[in-house]
Amino acid sequence: MKVTRRSAALGLAMLGAGAGSASSQQAEPGLANVRSDSGGRLTIPVFINGQRPLRFAVDSAANASVIASDLVESLGLTALPDADINTLIALERVPMAGAASLRAGAIERSDVRLAVADRGGLGGVDGLLGTDILAGHRLVMEFARRRMRIVESRSSGTYLFKEGRSSVRYRAPAEQRFNNLMMVDAVVGGVSCKVIIDTGARITIVNRALATASGARPIVLDDGSRIQAVESPTGRSQEAEAMLLPTLGFGGITLRRVPVLVGDFHTFRIWGLQDRPVVLLGSDLLGLFKRVSIDLGHSELLLEV
């Protein structure tokens, strides 16, 4: 079964989150049909060259932003030399295009470079905003309200959430590397690991080292298969195995029976994490929280439960 990484979905259900203390949530295995043409991800209006708003997903684990190829001409983008970009699957040679201006929330940029990809690999959106454009800003996602904002990085001493709300707060300046990746510590099945926040992924992915060490077990998907082909935005694919993690815990919150895709992907090698347990935490699990704030300017992650 072939699915696009940016639009695939494993069905997840949240059970009984306790406020103000360690809580337990459960994720049930099985594929679910995604009705949203954005693959279940939140999107934000993006204005390129002052034209009509486009629907972009935000990809906090990508260092290159992407535009659908069928928009290049109508937006008046300038053809640029091809470039090599590292996707989840491989180092890929892709066409590039230049925009005179780009505006999204608090972001206003000029002379922007965008990778060009076929719309079929983008999971129904017009493009992806990567950390090359998001750097220095704060991404606020409100899943219950299906709303996302890009705002300025918070001022020193100010906080996003009001006092009294149950939230988990991370500050990890030493762990934000690889071009503004947001990385936090977690424990999966008793195994310490790194979690990379990946808002561009609809489904959570882990490497083989974590699956083996944590005792993850294979699961059968709704169509009877155990394997899925995961695609990059360019359409290049690699097979991954559907498995169930026993637990995933961070910040006093524990997710139980968490379905994921498992594979040794190119991006783990680029980050030097191929032999270390690592999770790419997608929107399927981020969506269990009421609100998520990723502040790239202060290396800070806040999760409201």
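## Cavities

The count comes to two cavities of 30 Å³ or more. A cavity is a set of points on a 1 Å grid over the protein atoms alone where a 1.4 Å probe fits but cannot get out; lining residues have an atom within 4 Å of a point. Points are joined across faces, edges and corners, and a volume is the space filled by probe spheres set on them.

This is a predicted model: local features need pLDDT of at least 70, side-chain atom pairs count only at pLDDT 80 or more, and totals for chains, interfaces and linings use all residues. Residues are numbered from 1 along each chain as its sequence is written, and side-chain values use heavy atoms, with hydrogens and water left out.

| Cavity | Volume | Lining residues |
|---|---|---|
| Largest | About 50 Å³ | S60, L134, H137, R138, L139, I150, I294 and L296 |

In the largest cavity, strand 10 (residues 137-142) gives the largest share of the lining, three residues. Strands (E, at least two residues) and helices (H or I, at least four) are DSSP runs, numbered from the N terminus. By class, the lining of the largest cavity has five nonpolar, two polar and one charged residues. The lining of the second largest cavity also has five nonpolar, two polar and one charged residues. Ala, Val, Leu, Ile, Met, Phe, Trp, Tyr, Cys and Pro count as nonpolar, Asp, Glu, Lys and Arg as charged, and the others, Gly among them, as polar.

## Confidence

The chain has a mean pLDDT (the predictor's confidence in each residue, from 0 to 100) of 82, and 79% of its residues reach 70 or more. Residues 1-37 stay under 50. Residues 157-165 are also below 50.

## Aromatic pairs

The whole structure holds three aromatic pairs. Rings of Phe, Tyr and Trp (its six-membered ring) pair if their centres lie within 6.5 Å; planes under 30 degrees apart count as stacked, over 60 as edge-to-face and the rest as tilted.

F250 and F289 have ring centres 6.2 Å apart and planes at 45 degrees, so this pair is tilted. F250 lies in strand 18 (residues 237-250) and F289 in the loop between helix 4 (283-286) and strand 21 (291-295), so the pair ties together parts 39 residues apart in sequence. F250 is buried (under 20% relative accessible area; exposed is over 50%, partly exposed in between; 1.4 Å probe, protein chains only) at 8%. F289 is buried at 2%.

F265 and F268 pair edge-to-face, 6.4 Å centre to centre with 70 degrees between the planes. F265 is buried at 0% relative accessibility, and F268 is buried at 1%. F265, F268 and W271 form one aromatic cluster.

Technical notes. On a 1 Å grid over the protein atoms alone, a cavity is a set of points where a 1.4 Å probe fits but cannot get out, and a pocket is an open set with protein on both sides within 12 Å along at least five of seven lines; lining residues have an atom within 4 Å of a point. Contact means heavy atoms within 4.5 Å.
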